[in-house]
Amino acid sequence: QVQLVESGGGLVQPGGSLRLSCVASGSIFRIIAMGWYRQAPGKERELVATINSGQATTYADSVKGRFTISKENAKNTVHLQMDSLKPEDTAVYYCNVRAYTGVTDWNDYWGQGTQVTVSS
């Protein structure tokens, strides 16, 4: 089993910054990719940013130039630096890890979510 623990959410004013972190632990054989998704009230969960084992990154158009995803391989940790935050960034942010737990067995794992609120 794989466990994800997120941290770093909170309340911030528009234009401010927050840094989210997610640590993966458990029966991890190899991580394929790590990422962040978010879900605002009344909306579907959407991709924010991902980073794969080759350090390739993808971002939602709405966060390009403002958010930066990075990872620390030795610590199975992924970070999301969020700058120039806007009220529309308000959502519950979920960490996602796609990992092999064996030679051929892989799954998607999710964190419990951390609330980010951007408001004055």
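**Loops, core and cross-strand contacts in the predicted model**

Lys43 is located in the loop that connects strand 4 (30–39) with strand 5 (46–52). The model described here is predicted. With a relative accessible area of 58%, Lys43 is exposed. A distance of 34 Å separates the C-alpha atom of Lys43 from that of Thr104, a residue 61 positions apart from Lys43 along the chain.

In contrast to the exposed Lys43, Leu85 is buried, its relative accessible area being 2%. Leaving aside neighbours within four places in sequence, the contacts of Leu85 are with Val12, Pro14, Gly15, Gly16, Ser17, Leu18, Arg66, Phe67 and Val118. For one of these residues, Arg66, the C-alpha atom is separated from that of Leu85 by 7.6 Å, with the two residues 19 apart along the chain.

The largest nonpolar core contains 30 residues, and the members that touch the most other members are Trp36, Leu80, Met82 and Tyr93. At least two residues of this core are supplied by each of strand 1 (2–7), strand 3, strand 4, strand 5, strand 7 (67–72), strand 8 (77–82), strand 9 and strand 11 (114–118). Strand 9 provides the largest share, 5 residues.

The disulfide count comes to 1. The bond joins Cys22 to Cys95, with an S to S distance of 2.1 Å. The torsion about this S-S bond is about -85°, and the disulfide is therefore left-handed. Because Cys22 belongs to strand 3 (residues 18–26) and Cys95 to strand 9 (residues 91–100), the pair ties together parts of the chain that are 73 residues apart in sequence. Cys22 is buried, at 0% relative accessibility. Cys95 is also buried, with a relative accessible area of 0%.

Strand 5 includes Thr50. The relative accessible area of this residue is 17%; buried means under 20%, so Thr50 counts as buried. A polar contact of 2.4 Å links the side chain of Thr50 to the side chain of Thr58. Beyond four places in sequence, Thr50 is in contact with Thr58 and with Met34, Gly35, Ala56, Thr57 and Ile69.

The count of aromatic pairs comes to 1. In this pair the ring centres of Tyr37 and Trp110 are 5.0 Å apart and the ring planes stand at 70°, so the arrangement is edge-to-face. Tyr37 lies in strand 4 and Trp110 in strand 10 (residues 106–110), and the pair therefore ties together parts that are 73 residues apart in sequence. Trp110 is partly exposed, at 37% relative accessibility.

Trp110 also takes part in an arrangement with Arg45, which lies over the face of the Trp110 ring at 4.7 Å from the ring centre. The charged end of Arg45 sits over the ring of Tyr94 as well, 3.8 Å from the centre of that ring.

Terms used. Residues are numbered from 1 along each chain as its sequence is written. This is a predicted model: local features need pLDDT of at least 70, side-chain atom pairs count only at pLDDT 80 or more; totals for chains, interfaces and linings use all residues. Side-chain values use heavy atoms; hydrogens and water are left out. A disulfide is a pair of cysteine sulfur atoms within 2.5 Å. Helices (H or I, at least four residues) and strands (E, at least two) are DSSP runs, numbered from the N terminus. Buried means under 20% relative accessible area, exposed over 50%, partly exposed in between (1.4 Å probe, protein chains only). A nonpolar core is a set of buried Ala, Val, Leu, Ile, Met, Phe, Trp, Tyr and Cys residues joined through side-chain atoms within 4.5 Å. A polar contact is a pair of N or O atoms within 3.5 Å; within protein, one must be able to donate a hydrogen and the other to accept it, and residues adjacent in sequence count only if both atoms are side-chain atoms. Contact means heavy atoms within 4.5 Å. Rings of Phe, Tyr and Trp (its six-membered ring) pair if their centres lie within 6.5 Å; planes under 30 degrees apart count as stacked, over 60 as edge-to-face and the rest as tilted. A charge sits over a ring if NZ of Lys or CZ of Arg is within 6 Å of the ring centre and within 35 degrees of the ring normal.
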